[in-house]
Amino acid sequence: MKNNPDTKKPQQEGGPKMPKFNMNWIYIFAIVALAMFYFSGGSTNSSIKAEASYTEFKTIVSKGWAEKIVINKTENVLQLYIKPQYFRDVFKQGVQQTGKEPTMSVEFGSVDQVEAFINDAREKKLFTGDLSYNNHKSNELLNLLIYNLLPIVLLVGLWVLVMRKMGGGMGGSSGIFNVGKSRAKVYEGGEEMKVTFKDVAGQAGAKQEVQEIVEFLKNPQKYTELGGKIPKGALLVGPPGTGKTLLAKAVAGEAGVPFFSMSGSDFVEMFVGVGASRVRDLFEKAKAKSPCIIFIDEIDAVGRARSKSPSMGGNDERENTLNALLTEMDGFGTNSGVIILAATNRADMLDSALMRAGRFDRQIHVDLPDIHERKAIFNVHLKPLKVDESLDVDYLARQTPGFSGADIANVCNEAALIAARNDKKSVGKQDFLDAVDRIIGGLEKKTKVMTTDEKRAIAIHEAGHATISWFTQYANPLVKVTIVPRGQALGAAWYLPEERQITTKEAMLDEMCATLGGRAAEDLFIGKISTGAMNDLERVTKSAYGMIAYAGMSERLPNICYYNNNEYSFHRPYSETTAKVIDDEVLKMINEQYERAKKILDEHRDGHAQLAQLLMEREVIFAEDAEKIFGKRQWTSRTEELMEAQQRAEAEAMAERRTKELEEQARAEQAEGNAETEEKNTDGEKAKDDER
C-alpha cells in the first residue's frame, strides 16, 4: 500500500495550521451541552407541569386564574400558565412551591372553538393575559435524547476522562483495571541503549566492578562451568548526581540485553496489595525476556527498614511490597539470567534483609569525583560548547571540589548562558568562574545598597577569614574573597576544600579557627560584633559537637562515640552528667580557637588592614592579591600535591614509553644489521664456492 504523498508534505511556513486537539475541548463541550439542556427547558426544577382536560381548562380560565396561553395549532395542544397566587387551588400543593412556574398541557379539538372561548373570556374580563401561538412540532425522540440520555452520556464521558487522567484509561496499560501491573519501562534498543562505558567519565573503580556484570550477561558459561553462580543484584550507592543511573544504562548498553527501568516510588500505592502485585508482574516479564537487567532507582522509597511496631511509623503497603521484592530476589523461585541493579543515596536506611548476600551481593560505591575525574567529566560536557581555546580544563577541575557530575554539567550550561547573555562568541574562563559563583552563592544582588560603615564591617569580617586561613596549615586554601551580595550572604570567602581521605583533629581545629576569623576580626578591629557570623557559629558548633560526642576528640571524653543509629530511639546514649561534660568541652574548644584567631589577627594586623582596604576598593580579590600582601603561603595544599604527583606519574609513564620505544627501535636496528651481515657472509661464501 502506497503512502499518500499529500500527507507526507511538510507544512509550509506561514500557511494555515491545523488546530491541535486539546482535552480542554471536552470540558467546553460538556459545559455548553449542559447549558443548552438547562436553557432549553429540560430542567424540571424551573416549572411544574401537568396535563388537564379541556373542561378543566375552561374552568380555570372562567375563574380568572389564567396568566398566559400558548396555542400550538399543529398538534392541537395549548399550554396554560396559571397565576402563582392560585397555584395551591389548582395543584393542591403548599404555598412554598409558588416560586415555580405552574403550567398545564391541554389537548383540544378545534382551534376556532378555543379562540372563540378565549375571546369571550376577554370580553368578560376573565382573561387579561397574553395569547401567543407556537406551531413547532415537538419531537418525542429528540426530547428523550436531550432530557434523559444526554445527562447520562455526559456523566459517563466525564467519568472516563477522570479515569484516564488518573491512570491512562480503563483499557490502557496503566488504567484502573491494570493497577496491579508493572509500570516498568522496557528498553530493547534505541537511543537509551546506546549509552556505553565511554559515556561515563571518571568512576573507574565503579565501572570496573559493573563490567563483570556485563561479562556475566554476555558469557555466563565462563563462570558457571567452574561452579560459580551469577550474582543476583548489585546496589549502586553514592551521593546525588554522581551518575548511578547513567552507570546502570551503560551496563545495559554494553551487555545488549533488555533493560527494565522503574522507580521505587512506582511500586507504592494507596491500595494495599498493589505494590506486591507490581513486583510479581515485573519479575514475570523479566523472566520471559531473560537474560535481562532490572533497574530500580531510589530503592529506599520501597526498601526502607521495616519497623518493629506499626505505631512507630510502619506502612503496611510498603512493607508488603518489600516482602514481595525479597521473595522474588531470593525465594523458592529462580530468577536465572535476571540481574537486579538498584540505586540509592540512603543506603543506611535500607532493610538488612535486602542488603544481605544472595539478594544484593555487591555494593558498588559511586563517590564524588576527584580532581582527575572532574577533568574527564568537564571534557565530556565541554564538547557541545564553543569554548575559548585558552581555557584550562585543569584549572576548572581545581575550582570545583566536591562537585558531582550533575553539578559540573550545570556549571557548563550556566557558563554558556552567561556568555550568551554578554554577547560573546565563545565561552571563556571568567564565564565558568561566574557560573560556579552563581551555583554556590546564588544570584548576584547588584541593587542592594549598603552604607560605608556596613561595607567596611563586611570587608573586615571577610578579610579575617582570609587572613587566618592563610596562616594556618590545614585550613582550606583561599581562592577569592568578595563583598558582593549573593543570595542571603552579604560577602563570602571562597576556598578550595581539601580532598582528604581522613581528617585529623589538627585539621578540624584549623578549619574551626578560620571559620571564627570573621567574628574575631569584628571584635578586634571594630569593637562590635554583628549577626554576620550566624552561619559561621552554626558550622563551628556542629563541628565541635561532632568532634567531641562522635569522634572522641576530647580530653575528658577520649575514645568514646555517643552516636545513636536507632532512628526510633528517643533516649540519648549518655547521662545528664555526660551531657554537661560534652557542653563544657564544646564551649572550651570553641573559645580556645576564638582566642587563637584573635591572636593570629593581632600578629598580622597590618596585612589584614591592607587586605580589607583592597577589598573595599575592588569588592573582589583573589589568592594572588593575598600573596602580594602576606607573601607565599608556607604550606602546599593537598590538591596541589595530588596534581604534582599526577604530573610526575604522567611524566614517568611518558619517559617509560619513550624508553621502550627506543629499546624496540634499537633492537630493530640491530636485527636489521645482523641480517645485512649474514647476507654479506652468505654472498662471500657463495663467491668462494664459485671460484672453486
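What covers the buried residues of α24? Before getting to that, a quick word on the model. This is a predicted model, where local features need pLDDT of at least 70, side-chain atom pairs count only at pLDDT 80 or more, and totals for chains, interfaces and linings use all residues. Residues are numbered from 1 along each chain as its sequence is written, and side-chain values use heavy atoms, with hydrogens and water left out.

Back to α24, then. The cover over its buried residues includes α18, β12 (478-482), α23 (605-618) and β14 (620-622). Helices here are DSSP runs of H or I with at least four residues, strands are E runs of at least two, and both are numbered from the N terminus. Helix α24 spans residues 623-630, and its buried residues (under 20% relative accessible area, 1.4 Å probe, protein chains only) are Ala623, Asp625, Ala626 and Phe630. Looking down the axis of α24, these fall within an arc of 155° (taken from the directions from the helix axis to the C-beta atoms), so they line one face of the helix. On the face turned away from that buried side sit Glu624 and Lys628, both exposed, where exposed is over 50% and partly exposed is in between. Just after α24 comes Gly631, with a positive phi of about 90°.

Helix α18 (residues 452-470) also packs against α22 (residues 576-603), at an angle of about 90° and with the axes 10 Å apart. The axes are lines fitted to C-alpha atoms over the stretch in contact, and angles run from 0 to 180 degrees between N-to-C directions. That makes α18 roughly perpendicular to α22, a label for angles of 65 to 115 degrees. Gly464, Thr467 and Ile468 of α18 meet Ala597, Ile600 and Leu601 of α22, with contact meaning heavy atoms within 4.5 Å.

Over in α9 (residues 244-255), twelve residues reach 17 Å from first C-alpha to last, close to the 16 Å expected at 1.5 Å a residue, counting one less than the number of residues. Among the buried ones in α9 are Leu247, Val251 and Ala255. Their cover includes α7 (204-218) and β10 (338-344). Gly256 follows α9 and has a positive phi, near 70°.

Note on methods: Angles under 35 degrees count as roughly parallel, over 145 as roughly antiparallel, 65 to 115 as roughly perpendicular and the rest as oblique.
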